[in-house]
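Work through the exercises below with the sequence and the coordinates open. Each task is followed by its solution.

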Amino acid sequence: MYKLMLIEDDIALSSLMKEQLESDGYQVFQSDDFKTILDDFKVMKPDLVLLDINLPYSDGYFLCRSMRKQSTIPIMIISGRSSEIDQMMAIELGADDYLTKPFTLNMLLTKVKAIIRRVYGDYAKQDASMITIDDLSMNTNTLTLTYQQNTVELSKNEMKILKKFMENNERYLTREELIEEVWDDITFVDDNTLTVNITRVKQKLASLGLPNQIKSKRGVGYLFQYQMHKR
């Protein structure tokens with residue numbers, strides 16, 4: 001039985017989510033003291049955290065960053081904030097997914113199942129191999145990208161997107177292909193979530209001195225174009 005940590009200060013919504021998740025076979029821990037969330041997190045060691053942003057004492061961004069420093073367990077932000085900036089900030093701080101309020105309980109269950117399946121189930125990646133194109137290399141085990149002796153750290157989603165790009169260098173990939181690579185199911189993923197992640201990947205590449213490797217074409221998709229023997 002997978003353990004979920006539910007951090008939501010709307011009592012009615014939290015109770016409804018807990019009831020639905022437990023009926024689907026998950027063990028759900030609700031935080032009732034928002035001053036001790038990080039202590040509870042250390043003790044509980046959940047398999048997945050469902051985290052609101054607007055909370056008493058400490059906001060979800062701070063908690064997400066703090067949890068990510070301690071653990072690599074998946075974190076899904078659940079928030080009424082729907083702007084691209086909020087989603088980018090959450091992903092930058094280590095969140096794996098973002099669900100915007102209001103949402104249906106079916107959508108919640110679908111996203112939770114997808115994360116559990118991806119991280120712990122049939123689709124869990126155990127591959128620690130290096131993926132290399134000339135002097136650009138990525139380690140899927142350490143979540144790092146290296147170019148000419150400079151290295152940046154990647155989130156799990158950034159790694160999966162770059163892996164797909166590097167395996168398909170100089171070939172257009174559709175948005176659907178990329179979404180399926182990261183989230184397994186294209187039906188229940190907000191299209192803007194992919195855009196946010198692509199933006200983060202571009203920023204990581206630019207920080208290594210590779211600012212123009214990803215191009216987009218409306219109606220076609222994204223092209224990763226790394227020139228071999230680039231110096």
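**Exercise 1.** State how far apart the C-alpha centres of domain 1 and domain 2 lie, and how many residues each brings to the contact.

Solution. In this predicted model, the two C-alpha centres are separated by 24 Å. Within a heavy-atom cut-off of 4.5 Å, domain 1 contributes 16 residues and domain 2 contributes 17 residues. The domain assignment sets the bounds at 3-124 for domain 1 and 127-224 for domain 2.

**Exercise 2.** Count the salt bridges and the residue pairs in polar contact between the domains. Then describe the side of domain 1 that touches domain 2 by element and by class.

Solution. Between domain 1 and domain 2 there are 0 salt bridges, while 3 residue pairs are in polar contact. Two elements give two or more residues to this side of domain 1: helix H4 (84-92) and helix H5 (105-120). H5 provides the largest share, 7 residues. By class, this side of domain 1 holds 7 charged, 6 nonpolar and 3 polar residues.

**Exercise 3.** Locate the UniProt feature "domain: Response regulatory" and give its helix and strand content.

Solution. The unreviewed UniProt entry places this feature at residues 3-116. The span is 46% helix and 19% strand, and its end C-alpha atoms lie 10 Å apart.

Definitions and conventions:
Residues are numbered from 1 along each chain as its sequence is written. This is a predicted model: local features need pLDDT of at least 70, side-chain atom pairs count only at pLDDT 80 or more; totals for chains, interfaces and linings use all residues. Side-chain values use heavy atoms; hydrogens and water are left out. UniProt positions are given in the numbering used here, feature names are shortened, and annotations may be inferred rather than shown by experiment. Helices (H or I, at least four residues) and strands (E, at least two) are DSSP runs, numbered from the N terminus. Domain bounds come from an automatic or database domain assignment. A salt bridge is a side-chain nitrogen of Lys or Arg within 4 Å of a carboxyl oxygen of Asp or Glu. A polar contact is a pair of N or O atoms within 3.5 Å; within protein, one must be able to donate a hydrogen and the other to accept it, and residues adjacent in sequence count only if both atoms are side-chain atoms. Ala, Val, Leu, Ile, Met, Phe, Trp, Tyr, Cys and Pro count as nonpolar, Asp, Glu, Lys and Arg as charged, and the others, Gly among them, as polar.
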